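Try each task before reading its solution.

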Amino acid sequence: MAYNLQQQLKNKSISATIEKVNVPDSPFRALVNYQNINGFYWRILKITREEVRAERKKWQNSSAAEEKFLQHFIPKTPVKSGKADVPNDKDFQQHSVEIKLDGVPVSDYMVLISYDSSFRVSHNNLTYAFTTISNLSYINRNLDDGSTEINILNRTTGDPVADAKIQIAFQVYNSRSNRYEIVKGNTYTTNTGGSVKIPYPQRMANQYNSAFVADISWQTDRISTQDIDGYEYDYNGQISPYPYGKPERYNRTIFFLDRAIYRPGQTLYFKGLLFSADQQNPKILPNQTQTLTFYDVNQQVVADRKSVV
């Protein structure tokens with residue numbers, strides 16, 4: 001028991017978190033959590049989303065899926081690489097540090113981090129994270145009719161990006177292969193204000209909802225609402241449009257009393273305000289005759305009275 005605990009305390013570990021999108025040709029940061037090491041090596045590998053998805057699919061039923069997945073990418077020639085030295089306090093505690101990674105051009109990348117310079121998979125707590133290098137950003141909102149408004153902006157300046165292409169795609173279940181498949185929909189182009197309105201999509205056969213992912217491109221730049229390592233059946237990054245019906249109007253009366261508590265036999269003075277509303281546009285309804293019912297503390301009717309409010 002004590003030996004096992006001692007080994008756990010001595011174990012080396014490392015993990016990393018990187019922002020999903022970083023701007024091109026500028027240094028960016030990685031948050032690295034580590035334990036019992038005094039340095040590590042990093043590599044930036046250029047990859048494609050299709051490549052990542054294909055490797056996940058290829059090894060999804062393997063007992064060594066993660067190892068096989070990494071073995072495909074490790075031999076790649078890194079675009080950038082380096083080493084970071086970190087203080088090892090020898091306190092067996094986990095520590096965190098932010099490191100600077102060199103800027104790279106527009107594309108999708110995999111960042112490998114290892115405390116062993118060989119980047120071997122076995123007996124090495126190799127970690128990785130994905131990031132997209134892009135100068136594009138997007139803002140989306142659902143409109144009442146179910147359509148989706150998407151605004152494409154320059155990630156650095158915030159200026160709208162005109163003539164950006166937005167390719168939407170849906171996840172549709174294929175009963176023959178017993179899996180979800182990506183089916184492409186229409187392509188839309190942003191106007192001079194960097195905006196485009198995507199109509200509420202009609203569901204296809206075996207499509208359980210109207211959610212969609214969007215691949216956005218402008219010249220050689222590209223960004224997607226879905227993560228690089230998102231599975232075909234993963235709902236991560238999907239935009240879910242929903243048509244909002246017109247709110248129903250309802251009538252409500254608010255009473256104003258001259259005091260909070262009354263003694264027995266004391267005269268009660270009141271006035272009422274009757275209005276109609278649909279959660280957005282309230283409208284006063286004047287000179288309406290209403291029947292008022294008074295109850296005692298035992299919920300027994302004391303009196304009924306018609307009054308104009």
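Two residues are in contact when heavy atoms of theirs lie within 4.5 Å. Keep in mind that this is a predicted model.

**Exercise 1.** Find where Glu-51 sits, and decide whether Glu-51 is buried or exposed.

*Solution.* Start with the element: Glu-51 belongs to helix α2, residues 49-58. Next, take its relative accessible area, which is 17%. Buried means under 20%, so Glu-51 is buried. Finally, look for partners, leaving aside neighbours within four places in sequence: Glu-51 is in contact with His-72, Phe-73 and Lys-76.

**Exercise 2.** Classify the ring pair of Tyr-128 and Phe-130.

*Solution.* The whole structure holds 6 aromatic pairs. In the pair of Tyr-128 and Phe-130, the centres are 5.7 Å apart and the planes make an angle of 80°. Planes over 60 degrees apart count as edge-to-face, so this pair is edge-to-face. Both rings also belong to one aromatic cluster with Phe-69 and Phe-73.

**Exercise 3.** Do likewise for Phe-170 and Phe-212, then locate both residues.

*Solution.* Here the centres are 6.3 Å apart and the planes stand at 70°, so the pair is edge-to-face. Phe-170 is in strand β11, while Phe-212 is in the loop between β13 and β14. The pair links distant parts of the chain, 42 residues apart. Phe-170 is buried at 7% relative accessibility, and Phe-212 is buried at 1%.

**Exercise 4.** Which element has the lowest mean pLDDT?

*Solution.* Helix α1, residues 2-10, has the lowest mean, 71. Where pLDDT is low, predicted coordinates should not be read in detail.

How values were computed
Residues are numbered from 1 along each chain as its sequence is written. This is a predicted model: local features need pLDDT of at least 70, side-chain atom pairs count only at pLDDT 80 or more; totals for chains, interfaces and linings use all residues. Side-chain values use heavy atoms; hydrogens and water are left out. pLDDT is the predictor's confidence in each residue, from 0 to 100. Helices (H or I, at least four residues) and strands (E, at least two) are DSSP runs, numbered from the N terminus. Buried means under 20% relative accessible area, exposed over 50%, partly exposed in between (1.4 Å probe, protein chains only). Rings of Phe, Tyr and Trp (its six-membered ring) pair if their centres lie within 6.5 Å; planes under 30 degrees apart count as stacked, over 60 as edge-to-face and the rest as tilted.
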